[in-house]
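Visitor: I would like to learn how to read the features of a folded chain. Please take me through them one at a time.

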Amino acid sequence: MGDYEEETAFLGQKGPFFIVVFLLLNVIYISTGFHSFYIVFAGASPSHSCRVLDGNLSKEWINASIPIEEMNGKLEPSKCWRYNLDTIKHLATVGYNFVDVNLTKVSKERCADGWNYSTEIYHSTIVSEWDLVCEREWRVPFASSTLYMGYLLGSLVSGQLSDRFGRKKVLFVSLASESLVIFAQSFSQSWLVFCTLYFFVGAFQISLYITAFVLGTEVLSKSFRVLFTTLGAFLHYCIGYMLLPWIAFAIRDWRTLLRVLSGLTLAYIPLWWFIPESPRWLISQGRIEEAEAIVKEAAKRNKVTAPEVIFKVSEVKVASSHMKKYSMIDVVKTSNICCTTFMCLLLWMAINIGYFGLSLNTSNLLGNPFLNCFLSAVTEVPAYIIATVLLKNCPRRPLLSAFLSIGGGFLLLIQLIPDSLHTLALSLEMAGKFGFTMSFTVVYIYTAEIYPTVLRNLGIGMCSSAARIGSITAPYVIFLGTFNKYLPYILMGSLTIGSSLANIFLPETFGRVLPETVEQMQKCKGCHKRDVPVVEGGKKVILQEEKL
């Protein structure tokens with residue numbers, strides 16, 4: 001088979017066909033922004049206190065039955081304890097005034113009658129509906145992490161499915177399935193059912209994201225492809241992310257919110273008739289006539305003349321049997337590749353913990369949670385644009401170290417800000433999110449440039465798995481804020497600064513030709529070579545292996 005780019009060069013770099021496909025794929029990415037963080041609102045924890053059901057107690061005695069505790073340096077009514085209700089009833093019946101009684105000597109008990117939840121901000125969340133507070137509070141971060149567990153599964157199987165059944169089919173099946181699962185999730189009658197369905201939301205969502213990315217890369221012309229992979233997909237994801245808090249602001253009930261988001265996703269299904277299958281994939285499956293039909297339709301829309309025969313089938317060369325097969329073991333085989341892989345895994349994990357941790361934390365910040373989420377999304381827009389511009393002109397290693405230092409450094413400063421300056425603390429957190437988003441952009445490009453072609457998919461796949469582990473961990477890092485509100489910032493900031501130091505050992509790739517083989521791969525700093533005897537063809541030869 002000849003070169004696809006050369007055989008379709010008559011289509012040009014621009015034209016109505018490429019513009020329509022570019023816009024429609026970007027529109028689909030808006031839905032991924034809707035679904036990535038609706039747990040921020042569906043799983044928010046409203047203000048709450050123990051419910052006291054006894055109707056004979058006055059309002060003053062009911063308020064007095066809730067102990068005052070110190071939380072993060074402030075005195076607040078307890079969320080998980082109340083004074084022994086029988087003792088309170090006895091004191092009220094005898095005629096004591098609650099002001100005259102030292103209630104701190106009264107024994108405490110758990111909230112046996114449930115909790116009262118504030119409806120000032122949220123009318124209903126999974127927390128208020130299923131009492132996911134106090135000893136069951138851990139269930140909220142677990143629910144968040146199930147989405148990222150689904151990411152891990154979806155990222156592993158989506159590529160295989162799209163290679164077998166086609167990009168377009170997997171894209172729209174994922175889109176429809178995600179919509180239906182979210183709709184079913186809105187009818188969940190238990191936390192377990194919610195988590196199970198959320199897992200599948202994650203699997204279908206990442207499958208949608210990856211497949212749309214591959215389809216755009218294969219269908220679009222070179223000029224549109226660069227724009228799509230650098231800014232198009234990311235910015236339209238941000239649009240959905242920015243719209244989410246305003247939809248949640250208008251709909252304060254979690255079940256209704258999910259149904260609306262599901263309906264918005266289902267509206268994309270008619271795009272099936274406007275987005276074509278990948279001609280490259282059809283050619284790889286031997287379906288030449290279908291591929292030519294799509295390209296000829298593209299030529300018609302672009303108002304150019306297509307040749308009678310576009311793809312010329314040449315004799316297949318049986319060379320694959322002589323090519324070496326690579327596996328995950330090769331990604332850690334030599335000390336140089338092992339060192340590179342370890343550093344990349346650390347970077348991807350640290351960046352994902354910080355990015356998703358800060359994204360999920362917006363409902364816990366002081367101020368309006370809807371505005372906080374919107375600001376968190378807005379900071380990503382300039383971050384993607386600036387990172388893309390800098391990547392064209394700046395070395396990768398210092399660029400990534402600088403962004404990591406910005407992200408981690410600002411988070412470490414938050415603990416020094418007094419509570420009265422919560423706007424400044426919020427600004428520092430948004431600046432940290434800005435740094436993590438830029439790091440997110442750079443690390444994808446940097447990792448792809450470090451690994452040689454023969455190991456690139458395997459290396460990025462392993463790093464992507466580490467990223468999923470980081471995102472699964474992120475909700476639990478934020479959960480540590482229930483013990484000390486500064487603990488998540490200290491942990492994320494320290495981990496990020498540490499990973500920026502590890503980045504120093506990676507090689508610089510800016511301005512260098514992409515390596516094709518393992519031998520062309522650059523060396524980690526601190527590696528030197530030693531001679532290693534290897535037997536090839538019955539003869540002993542001396543190869544050089546890197547040694548730390």
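**Packed helices**

Guide: Helix α7 and helix α9 (residues 191-219) pack at an angle of about 40°, with their axes 6 Å apart. This is a predicted model, in which local features need pLDDT of at least 70 and side-chain atom pairs count only at pLDDT 80 or more, while totals for chains, interfaces and linings use all residues. Residues are numbered from 1 along each chain as its sequence is written, and side-chain values use heavy atoms, with hydrogens and water left out.

Visitor: What is a helix here, and how many helices and strands does the protein have?

Guide: Helices (H or I, at least four residues) and strands (E, at least two) are DSSP runs, numbered from the N terminus. The protein has 20 helices and 8 strands.

Visitor: Which two values describe a pair of packed helices?

Guide: Two packed helices are described by the angle between their axes and the distance between the axes. Axes are lines fitted to C-alpha atoms, for helices over the stretch in contact, and angles run from 0 to 180 degrees between N-to-C directions. Angles under 35 degrees count as roughly parallel, over 145 as roughly antiparallel, 65 to 115 as roughly perpendicular and the rest as oblique. α7 and α9 are therefore oblique to each other.

Visitor: Is the crossing of α7 and α9 left-handed or right-handed?

Guide: A crossing is left-handed if the near helix is turned anticlockwise from the far one by less than a right angle, and right-handed if clockwise. α7 passes α9 in a right-handed crossing.

Visitor: At what angle do α14 and α18 pack?

Guide: Helix α14 (residues 335-360) packs with helix α18 (residues 422-450) at an angle of about 150°, and their axes are 9 Å apart. That makes α14 roughly antiparallel to α18. The crossing of α14 past α18 is left-handed. Contact means heavy atoms within 4.5 Å. On the α14 side the contact residues include Trp348, Tyr355 and Phe356, and on the α18 side they include Phe436, Phe440 and Tyr444.

Visitor: How is α16 set against α18?

Guide: Helix α16 (residues 380-393) and α18 pack at an angle of about 40°, with axes 9 Å apart. They are therefore oblique to each other, and α16 passes α18 in a right-handed crossing. Among the residues in this contact are Tyr384 and Leu391 of α16, along with Phe434 and Met438 of α18.

**Faces of a helix**

Visitor: Which residues of α13 are buried?

Guide: Buried means under 20% relative accessible area, exposed over 50%, partly exposed in between (1.4 Å probe, protein chains only). In α13 the buried residues are Ile288, Ala291, Glu292, Ile294, Val295, Ala298 and Ala299. Seen down the axis of α13, these fall within an arc of 160°, so they line one face of the helix. The arc is that of the directions from the helix axis to the C-beta atoms. The face turned away from the buried side of α13 carries the exposed residues Glu289 and Lys300. The buried residues of α13 pack against α1 (4-7), α2 (16-36) and α12 (279-284).

Visitor: How many residues does α13 have, and how far does it reach?

Guide: The expected span of a helix is 1.5 Å times one less than its number of residues. Helix α13 (residues 288-301) has 14 residues and reaches 20 Å from its first C-alpha to its last, close to the 20 Å expected. Just after α13, Lys303 takes a positive phi of about 60°.

Visitor: What about α11?

Guide: Helix α11 (residues 254-266) has 13 residues and reaches 19 Å between its first and last C-alpha, close to the 18 Å expected. Its buried residues are Trp254, Arg255, Leu257, Leu258, Leu261, Ser262 and Thr265. They cover an arc of only 160° around the axis, which puts them on the same side of α11. The buried residues of α11 pack against several helices, including α8 (167-185) and α10 (222-250).

**Single residues**

Visitor: Is Cys134 buried or exposed?

Guide: Cys134 is buried, with a relative accessible area of 12%. Cys134 lies in the loop between α6 and α7 and has a positive phi of about 55° although it is not a glycine. Asp131 is in the loop between α6 (126-130) and α7 (139-165), with a positive phi of about 50°.

Visitor: Where is Gly409?

Guide: Gly409 is in helix α17 (residues 396-413). It is partly exposed, with a relative accessible area of 23%. Gly409 and Thr496 are 87 residues apart in sequence and 8.4 Å apart in space, C-alpha to C-alpha.
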